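Q: I would like to learn how to read a protein model, feature by feature. Where do we begin?

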Amino acid sequence: MTAEVTTPRARSPLHHRAHLLAAADVEGPRGVRLRELPCAAQVTLRLDPSSPAAARVAGALGLPALPVEPGGVRTAAGATERTVLWLGPDEWLVVGPEGDAPAIEAVVRDALGDGHGAVVDVSANRTTLEISGPCAREVLEKGCSLDLHPRAFGPGRCAQTLLARAAVILRQIDTGPTYHLLVRGSFAPYLADWLLDAMTEFRSPEVPR
Amino acid sequence: MLLIPCPWCGDRDETEFGYGGQAHVPYPEAPETLTDAEWAEYLFVRDNPEGPFTEQWVHTAGCRRWFTLVRDTTCNDILAVHRTGTTNPVHP
Amino acid sequence: MTETPANPHRLARGGRIDRSASLSFTFDGTRYHGHRGDTLASALLASGVRTVAPSIYRRRARGIVAAGVEEPNALVQLDGPCQEPMLPATTVELFDGLSARSLSGKGRLDPREDTALYDKKYVHCDVLVIGGGPAGLAAALAAGRSGARVILVDEQNELGGSLLSSRAERIDHAPASDWVASARDELTALPEVRLLTRATAVGVHDHGLVLVAERRTDHLGSTPLPGVSRQRLWHVRARQTVLATGAHERPLVFADNDRPGVMLAHAVRTYVNRYAVLPGRRAVVVTTNDSAYATAIDLVAAGVQVPVLVDARPEPPPALVAQVRAAGVEVRTGSAVVGTDGDPSLTAAWIAPLDRRGGAADATAVPCDLLAVSGGWNPVLHLFGQAQGTLRYDESLAAFVPERRPKGLVTAGAANGTCHLAGCLDEGTAAGTEAAARAGFTDDAPPARPRAQDAPPAPARALWTIPGGAGEPPTWHTHFVDLQRDATVADIHRAIGAGMRSVEHIKRYTTIGTGQDQGKTGAVVAIGAIAEALGVGSPGEVGTTTFRPPYTPVSFALLAGRDRGHLNDPVRVTPIHDWHVAHGAAFEDVGQWKRPWYYPRPDETMEAAVLRECRAAREAVAVMDASTLGKIDIQGPDAGEFLNRLYTNAFAKLKVGSCRYGVLCKADGMVFDDGVVMRLAPDRYLATTTTSGAAAVLEWMEMWLQTEWPDLRVHCTSVTEQWATVAVVGPKSRAVLAHLAPDLDLSAEAFAFMDFRETRLADGVPARIARVSFSGELAFEINVASWHGRAVWDAVMAAGAAYDITPYGTETMHVLRAEKGFIIVGQDTDGTVTPEDLGMGWVVSKRKEFVGKRSYRRPDTARPDRKHLVGLLPDDPTELLPEGAQLVADGVPTTTESGPVPMLGHVTSSYRSAVLGHTFALALVKDGRNRLGQSLQVPLVGRTVRATVTEPVFYDKEGTRRDG
């Protein structure tokens with residue numbers, strides 16, 4: 001590793017559009033708000049969940065176990081907030097704050113030891129869109145065929161699915177509701193456009209019946 | 001639009017999946033020992049039943065797992081779903 | 001100017017219209033008035049207009065027949081920013097300023113863009129109830145009270161269904177309308193119940209998917225609010241569906257049954273009770289069943305003269321007869337209408353007793369201006385049929401009713417053939433309860449079931465055609481079966497005379513049921529008439545035609561939703577995209593990606609720009625954004641073995657720090673994808689794929705790993721967008737790189753072709769630089785985390801400025817690679833091409849096994865005279881052959897007269913070359929490698945040019961340029 005070099009600041013796929021997203025805020029009971037949360041650390045983890053390595057990796061990440069139920073999400077308590085998202089029966093995404101990817105990768109590789117697994121830094125592969133507010137679910141329902149009703153989905157759950165024509169990792173954060181949409185960088189402008197379009201109607205009063 | 005029960009993620013719209021054709025057509029263990037006719041059978045010949053058909057799907061937009069399901073081709077009823085490599089039906 | 005509302009046919013009181021709101025509208029250029037709550041049809045009838053456009057083929061005068069979606073005649077085209085054709089006036093809610101024109105069965109799509117907004121919504125529920133009449137409301141209440149998630153959809157502007165047309169019906173000892181209001185209030189208050197009015201369930205699809213078309217804003221008649229869609233297509237996934245879709249009344253088939261003034265009896269009742277409109281002043285009611293008696297009584301109550309009610313049944317229920325007689329109406333039993341008079345609107349109905357065989361004699365004329373007919377009821381089972389439910393013919397109802405129910409679907413009320421209110425309520429409650437229970441919800445509280453006191457009706461008489469006038473059925477040219485298609489009993493006989501027997505064939509021969517209304521009033525009548533004409537015992541032996549979505553027409557604009565314009569399909573862009581836009585790039589679509597195609601300078605043609613970009617790459621330095629290439633990280637101890645099994649060439653022994661070009665073939669041996677693979681570590685590779693093949697390759701790799709080789713310890717991860725890739729190409733590229741990557745020894749000795757290095761760029765960005773070349777020139781591909789892509793591009797442009805670095809696009813990339821004979825999968829291949837066909841036998845390992853290797857011994861794949869990839873040089877060095885142009889051997893005639901022309905192959909790639917000073921092409925040619933030097937014909941439009949077959953490598957055959 002070269003010693004301290006000032007690298008250019010990472011440029012997220014939507015950094016040019018931050019003002020457009022902010023300008024689309026809708027307040028009040030029909031409120032909805034869209035933001036990009038740029039440059040989160042993201043590390044793909046692949047291993048056999050029944051292997052001893054899985055327990056070691058979970059422990060190293062500060063978790064009692066990796067989430068093994070489909071759509072499970074676990075957040076580790078610790079100085080650095082790291083969350084593990086279930087993506088498949090032997091696949092997880094570890095999400096952390098910006099710049100945390102090398103540390104995550106090192107921790108996981110160390111815990112993996114000679115156990116078989118794969119660790120890939122994919123931080124720049126996807127960006128995060130946060131959509132929140134009372135009408136956030138209604139916006140998503142215009143393009144997502146998943147059942148997002150509280151009886152079927154909620155905080156602490158994630159799913160890989162399609163939103164409009166883009167593949168996303170959809171994660172519910174709270175009951176506001178707030179959702180995080182992890183989307184590939186190349187799709188981010190399209191998805192932001194689609195969301196802004198879908199949000200427009202909430203600026204107007206509800207259509208009378 | 002089928003509603004396909006991914007054995008991992010549960011019910012999802014067909015648009016999230018890729019189709020892999022008839023299931024249980026394994027790659028021959030020793031292709032070089034096969035006759036041309038046997039090899040052509042592997043490459044090109046598949047069943048086309050009226051009724052239950054075991055086929056492979058992949059949850060492309062979800063967990064990216066391949067799995068098999070039994071679908072009645074007359075009505076699209078999905079009769080069973082299996083994780084790859086297992087024989088116990090899954091009821092997600 | 002004040003205008004006085006003039007509704008001469010409007011009753012002074014009653015109806016569900018809002019008399020405080022007078023709405024002005026235009027119909028066929030004339031101005032009229034109506035009220036909020038009117039349909040266009042009810043407002044027209046109130047204004048005394050009942051004749052609409054003449055019929056489609058025979059130009060016969062036609063009037064409004066029905067009061068709902070089943071209307072066959074009153075089609076209109078609505079004016080507006082985008083005119084909408086083929087709307088039944090009976091379904092168009094009146095709004096102020098509405099302007100409509102009547103159509104003779106045929107509208108015209110407005111060629112202008114529909115600027116209105118349409119969108120979609122995906123929702124899920126435990127119980128979907130379709131139909132908001134008594135059965136549907138009862139079902140929704142029962143299901144909703146259980147706590148299930150319920151959606152109730154109804155096509156009308158308000159809930160109530162048939163009860164909106166009622167007058168005296170009572171539920172729970174109160175007027176039915178009170179019950180409807182309380183049911184609506186209760187459902188509205190239930191948190192998990194959603195009510196959708198003005199929403200038509202148009203299609204039932206697999207696994208509980210129901211598409212519902214909602215009309216959201218038309219009735220407001222005002223400027224649309226921003227972002228609010230005009231219509232919305234709901235994708236409802238329902239665990240259970242209750243069909244409470246009601247029934248459509250059937251017309252009767254008699255001579256001149258299409259005269260304006262002949263209406264369906266229940267529609268007449270709807271106009272009187274719901275809209276306070278009198279469709280006539282003197283009415284004759286003709287029926288085969290009990291239901292029309294209520295029409296007669298309500299007409300009398302509204303002040304209409306009803307001289308006679310005609311019942312085809314010899315012995316109708318005495319209580320009904322007595323009730324009607326008490327209202328002053330004569331009842332003629334065992335009789336029917338056999339003809340009409342009019343000029344052309346109705347002035348009299350001819351009534352005659354029916355003999356036992358249904359024949360008629362001794363007709364008498366009864367003057368009237370309204371003939372309310374009821375030929376029985378058809379349960380509305382379109383959605384039931386779409387869901388693959390089967391129907392049976394019920395003799396006592398003279399109707400098709402549900403037989404085998406599809407999974408997850410129950411029917412209730414009139415849709416089930418149940419025609420009395422008490423039965424509809426009971427069935428609705430039972431269906432709602434059952435559906436909720438099947439979805440896992442039971443109501444512990446004792447059910448508060450709504451009740452009515454009426455009894456089931458007496459059996460109807462099946463009366464499909466009524467004799468009248470002269471001649472036998474084959475000559476009945478005014479006995480209309482399908483008004484919208486102008487089809488008669490005579491047409492059915494003509495079809496049968498032509499040999500048709502199946503109802504599906506007769507439908508297509510006569511076009512019965514193929515109009516906008518899809519035969520909602522005519523189809524079953526036609527089946528009855530066919531049964532009579534074929535002499536079979538019952539319509540059940542004829543059967544119905546197939547029900548297909550949509551139940552009512554939906555516009556393509558609604559189906560498209562927001563998938564239009566810039567949201568039509570994702571536009572994928574690289575991190576460097578904004579630079580390309582700012583620098584005037586023309587873009588090419590590659591899959592969903594926007595890639596720079598070329599960068600024209602002001603007033604520069606594409607041809608000139610591409611030649612300039614090519615020269616820069618060959619003579620100095622040029623740069624391309626190659627970020628779109630697919631990238632797959634492959635990790636695990638068995639990664640090398642895995643790649644060995646998939647690629648035709650070997651990777652297990654590739655050195656760490658090196659790259660190798662590889663080809664992927666499917667099991668049939670045909671080229672599927674290609675790309676460079678880097679070995680990052682002993683147990684880690686990075687495979688690149690074509691831009692458009694990335695997802696398919698990863699999915700395919702996963703298929704082999706998961707289904708065939710689960711024992712291999714390998715994991716694949718897509719990293720396509722983790723990396724931005726900048727290709728710096730040309731003899732000066734090393735000098736540019738020296739500025740960018742000061743830590744690297746870039747000499748040919750230290751950094752060999754097909755090696756890669758990890759380094760930090762001058763600005764500190766970690767980078768992986770590979771010496772690979774798709775142009776034959778010295779070239780470096782710089783890979784950095786994509787969020788640094790733009791910064792690195794800018795750094796390359798800055799470092800290259802001294803060498804006049806030239807950005808280039810995909811067109812130049814194509815030219816450069818074609819000059820070297822490098823293929824592009826998907827352009828020079830099409831799934832039928834082997835590596836050997838491409839002259840790339842060197843990439844196919846003879847030593848190791850790999851997927852599809854066996855295919856190269858198949859007789860067809862091993863043939864020596866397959867199509868080979870060759871070069872083509874047009875005789876005229878300025879002639880640019882079109883890609884796809886066919887190639888024909890010398891001397892073979894290519895005129896039309898000489899018959900089919902044997903083709904040798906086709907052009908796959910064709911360009912102008914700056915270094916060759918000549919156009920050139922790549923082509924797949926039968927036995928091409930044995931035709932080198934041959935002159936071929938290339939027939940183009942109106943002329944034929946010639947080209948000579950060459951080897952596919954045109955430039956630097958010795959490969960001397962790649963080290964710079």
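Q: What share of the contacts in chain B with a separation of 6 or more comes from residues 24 or more positions apart?
A: A contact means heavy atoms within 4.5 Å. In chain B, residues 24 or more positions apart account for 45% of the contacts with a separation of 6 or more. This is a predicted model: local features need pLDDT of at least 70, side-chain atom pairs count only at pLDDT 80 or more, and totals for chains, interfaces and linings use all residues. Residues are numbered from 1 along each chain as its sequence is written, chains are lettered from A and ligands numbered from 1 in the order in which they are written, and side-chain values use heavy atoms, with hydrogens and water left out.

Q: Which pattern does chain B follow along the sequence?
A: Helices (H or I, at least four residues) and strands (E, at least two) are DSSP runs, numbered from the N terminus. Chain B has one helix and six strands. Their order is β-β-β-α-β-β-β. Along the principal axes, the C-alpha atoms of chain B fill a box of roughly 40 × 30 × 25 Å.

Q: How many of the residues of chain B count as buried, as a percentage?
A: Buried means under 20% relative accessible area, exposed over 50%, partly exposed in between (1.4 Å probe, protein chains only). Of the 92 residues in chain B, 51% are buried.

Q: What area is buried between chain B and chain A?
A: Buried area is the accessible area (1.4 Å probe) that two parts lose on being put together, summed over both. Here it is about 1000 Å², with 51% from carbon and sulfur atoms. Chain B brings eleven residues to the contact and chain A brings 14 residues.

Q: How many salt bridges join chain B and chain A?
A: Side chains of opposite charge can pair when their charged atoms come close. The rule for a salt bridge is a side-chain nitrogen of Lys or Arg within 4 Å of a carboxyl oxygen of Asp or Glu. Chain B and chain A share three salt bridges. One salt bridge pairs A:Glu91 with B:Arg65, at 3.7 Å from N to O. A:Glu91 and B:Arg65 also belong to a salt-bridge network with A:Arg46, A:Asp90, B:Arg64 and C:Glu702. Over all chains, the count is 86 salt bridges.

Q: Where do C:Arg269 and C:Glu169 lie?
A: Take the pair first. The side chains of C:Arg269 and C:Glu169 form a salt bridge, 3.1 Å from N to O. C:Arg269 is in helix H4 (residues 265-273) of chain C, and C:Glu169 is in the loop between strand S9 (150-153) and strand S10 (170-171), so the pair ties together parts 100 residues apart in sequence. C:Arg269 is buried at 8% relative accessibility, whereas C:Glu169 is partly exposed at 25%.

Q: Is A:Glu141 buried or exposed?
A: A:Glu141 is buried, with a relative accessible area of 6%. A:Glu141 forms a salt bridge with A:Arg137, the closest N and O atoms being 3.0 Å apart. A:Arg137 is partly exposed, at 23%.

Q: Which residues does C:Pro379 touch, not counting those up to four places away in sequence?
A: Among them are C:Gly246, C:Phe400 and C:Ala414. C:Pro379 sits in strand S25 (residues 377-379) of chain C. C:Pro379 is buried at 10% relative accessibility. Its C-alpha atom is 6.4 Å from that of C:Asn416, 37 residues apart along the chain.
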